[in-house]
Amino acid sequence: MEATAAPSRHARGRVASRPGGGEEKSPPERRVYMDYNATTPLEPEVVQAVTEAMREAWGNPSSPYPAGRKAKDIIDAARENLAKMIGGKAQDIIFTSGGTESNNLVIHSVVRHFQTIHTSKGDTAKWHSPVEGATPHIITCTVEHDSIRLPLEHMVEEQVASVTFVPVSTVNGQAEADDVLAAVRPATCLVTIMLANNETGVIMPIPEISRRVKALNQERAASGLPAVLLHTDAAQALGKRRVDVEDLGVDFLTIVGHKFYGPRIGALYVRGLGELTPLYPMLFGGGQERNFRPGTENTPMIAGLGKAAELVAENCEAYEAHMRDVRDYLEERLVAEFGEKKIHLNSQFPGTERLSNTCNFSFRGPQLQGCSVLAQCRTLLASVGAACHSDHGDRPSPVLLSCGIPFDVARNALRLSVGRSTTRAEVDLVVQDLKQAVARLEGQA
């Protein structure tokens, strides 16, 4: 869903010419990676799991010989680990190529189900839906990832579905339950709201939305209206906070491996897969994943995903505490070094919970656009926002604008996201690097 260069603590040594014409290498520059919301490196245990699967479980998981059985066992174990990580059941998880596929699969399935159930079956039909002939309606919010926004916009263009984009509050940065419920129509079939925003780190009130939707569904059932299903894209939240599908009350949840130190594949949780909650395949083939996502399983990557999930299940609280400590120290150092008049912390909304690792801020000043500041940095490796929007130049983030951040402030935004191994000493290096970058841009160096 997002990608960036792999983190590197040390850049390669630059080559300088000696006076006599020879060459000598200067000491390598220290580089500090703070773009963990874009992607994460593989944990050593994950690399080991992938490597062992490639060497020992190369067989087709559908085959009966030892290498095939080994592959099948690895896939089953990975499914169990993913289920444990999110508090769900292994039979409710299918593997996908990543978050984009998982999100598209949810949207495709719910629209297809609505069309199947609520399309007229002719004069011989004994039951007529009260929304027969209506276009399926989906509710989302204005700060969703492109893998939600773009397929929904495409469906609107093709007149396959209608969509309401609920604005987030400028007070708390959240999509509020009242606004989501107010957008419900008779033909509403899906609410899809991310669990945590990738730019601000704001945690959305999914449990409250779920409770309200379930209560509404009881009323809708009595009138023959379709149930409203709830999906959350949990890409950014996993590995940074506890995620439990029972607490969230969702019908679908998207899992993205490369956001929690796993490989670049994903999975989809579906409550009561194929029984309580519908799922329609977008691909057709050999019947793998119970026909919901056919294709010979990518055993090595699934092995790595399972190991990454196991590490999260065992260590999530420790990961979260460490990242929060380092992130808070980063924000303290930024304010202490630059002052509150020079710094605007874009992701701090009073009373709103956010991811433990995310700091979105702007320097105030006409020369201090985020891209310009990063270009001057010699230590920091980061981004101005979502890595999938890296080609947007100096245009302000739509997410920040939706949250009420002023245009000139949003244009200067930087998103720093720390990881499991980020240290306070690295924070000090980054703050000093930013100080020098700002000074150069303002002509003070």
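Reply: Salt bridges and a helix pair

A network of salt bridges links Arg333, Glu337, Asp428 and Lys435. A salt bridge here is a side-chain nitrogen of Lys or Arg within 4 Å of a carboxyl oxygen of Asp or Glu. The count by this rule is 24 salt bridges. Side chains of opposite charge can pair when their charged atoms come close.

The model is predicted, and local features need pLDDT of at least 70, side-chain atom pairs count only at pLDDT 80 or more, and totals for chains, interfaces and linings use all residues. Residues are numbered from 1 along each chain as its sequence is written, and side-chain values use heavy atoms, with hydrogens and water left out.

Helices (H or I, at least four residues) and strands (E, at least two) are DSSP runs, numbered from the N terminus.

Arg149 takes part in a salt bridge with Asp146, where the closest N and O atoms are 2.9 Å apart.

Asp146 is buried, at 15%. Buried means under 20% relative accessible area, exposed over 50%, and partly exposed in between (1.4 Å probe, protein chains only).

Helix α4 also packs with helix α3 (residues 99-118), at an angle of about 35° and with the axes 9 Å apart. Axes are lines fitted to C-alpha atoms, for helices over the stretch in contact, and angles run from 0 to 180 degrees between N-to-C directions. The crossing of α3 and α4 is right-handed; a crossing is left-handed if the near helix is turned anticlockwise from the far one by less than a right angle, and right-handed if clockwise.

In α3, Thr100, Asn103, Asn104, Ile107, His108 and Val111 meet Ser147, Ile148, Pro151, Leu152 and Met155 of α4, contact being heavy atoms within 4.5 Å. By class, this contact has six nonpolar, five polar and no charged residues. Ala, Val, Leu, Ile, Met, Phe, Trp, Tyr, Cys and Pro count as nonpolar, Asp, Glu, Lys and Arg as charged, and the others, Gly among them, as polar.
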